[in-house]
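Open the model in your viewer and keep the selection tool ready. This tour goes stop by stop.

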Amino acid sequence: MSTEPPPRVRRAAAVDEEALCTLEQRVFCGDRLSRAQFRRHLDSDTALVLVSTDHGKLLGDAVLFFRRGSTVVRLYSLVAAPEARGRGVGRALLAAAERHARRRGRELRLEVRVDNTAAIALYESAGYQRFGQRAAYYEDGCDAWRYRKTLD
């Protein structure tokens with residue numbers, strides 16, 4: 001059992017913008033959030049950006065979208081830096097996303113690449129149920145599985 005403390009998760013701030021953009025560039029080949037999109041989301045009532053950090057270094061982030069009048073919250077993105085994988089960053093970000101989503105909705109939904117076995121395992125172990133597929137959802141033509149979880 002690890003004695004390492006769980007990763008810290010907090011709401012992102014404007015000072016995180018550069019690190020968020022750098023992580024997007026490092027991890028994703030396509031379907032990246034732009035600097036302008038991050039800037040909008042950091043200052044939005046219908047979006048929430050969470051970050052996991054360790055000693056000031058960005059380990060990962062999650063982006064949630066809220067639709068006015070809807071009880072469904074969308075987890076748009078969840079990413080861990082390659083060097084942070086296996087340290088519980090994804091699980092900590094997902095748990096924090098669920099806590100925030102409960103305040104505004106009753107269901108959390110997401111899409112995940114059909115070939116992202118690590119993310120699929122994370123979501124399924126956290127109680128997410130597959131309910132659909134989106135053909136050619138990603139920029140490179142890869143399909144996506146759709147998942148949802150009812151929030152208690």
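Start in strand β7 and select Arg148: Arg109 stands opposite Arg148 there. Strands here are DSSP E runs of at least two residues, helices are H or I runs of at least four, and both are numbered from the N terminus.

Before moving on, note that this is a predicted model, where local features need pLDDT of at least 70, side-chain atom pairs count only at pLDDT 80 or more, and totals for chains, interfaces and linings use all residues. Residues are numbered from 1 along each chain as its sequence is written, and side-chain values use heavy atoms, with hydrogens and water left out.

**The sheet**

Colour the strands. They form an open sheet of seven, ordered β1-β2-β3-β4-β5-β7-β6, with mixed pairing. Two strands pair if DSSP finds at least two bridges between them. Look at the edges: β1 (8-11) and β6 (129-134) each pair on one side only. From one strand to the next, the twist averages 25°.

Now select β7, residues 144-150. Five bridges join it to β6, and the two run antiparallel. Pick Arg134: its bridge partner in β7 is Ala144. Pick Gln133 next; it stands opposite Trp145 in β7. With β5, β7 also pairs in the antiparallel sense, over seven bridges.

**The helices on the sheet**

Show α1. It packs on the sheet and touches β2, β3 and β4, and its direction makes about 95° with that of β3. Touching, or contact, means heavy atoms within 4.5 Å. Axes are lines fitted to C-alpha atoms, for helices over the stretch in contact, and angles run from 0 to 180 degrees between N-to-C directions. Then show α4, which lies across β4, β5, β6 and β7 and runs at about 160° to β5.

**The core**

Which residues have the most contacts inside the largest nonpolar core? Select Leu20, Leu64, Leu75, Leu94, Leu108, Tyr123 and Tyr128; the core has 41 residues. A nonpolar core is a set of buried Ala, Val, Leu, Ile, Met, Phe, Trp, Tyr and Cys residues joined through side-chain atoms within 4.5 Å. Buried means under 20% relative accessible area, exposed over 50%, and partly exposed in between (1.4 Å probe, protein chains only). Elements giving two or more residues to this core include α2 (35-42), β3 (57-66) and α3 (89-104).

Stay on Tyr128. Not counting residues up to four places away in sequence, its contacts include Leu94, Leu108, Tyr123 and Tyr147.

**Rings and charges**

There are three aromatic pairs to find. Rings of Phe, Tyr and Trp (its six-membered ring) pair if their centres lie within 6.5 Å; planes under 30 degrees apart count as stacked, over 60 as edge-to-face and the rest as tilted. Tyr123 and Tyr128 have ring centres 5.8 Å apart and planes at 65°, so the pair is edge-to-face. Both are buried.

Jump to Tyr137 and Tyr138. Their ring centres are 5.0 Å apart with planes at 90°, so this pair is edge-to-face. Tyr137 counts as partly exposed, at 30% relative accessibility. Tyr138 is buried, with a relative accessible area of 16%.

Arg130 places its charged end over the ring of Trp145, 3.9 Å from the centre.

**Last stop**

Select Glu107 in strand β5. Is Glu107 buried or exposed? It is buried, with a relative accessible area of 14%. Leaving aside neighbours within four places in sequence, its contacts include Thr71, Val73, Arg148 and Lys149.

Notes: A charge sits over a ring if NZ of Lys or CZ of Arg is within 6 Å of the ring centre and within 35 degrees of the ring normal.
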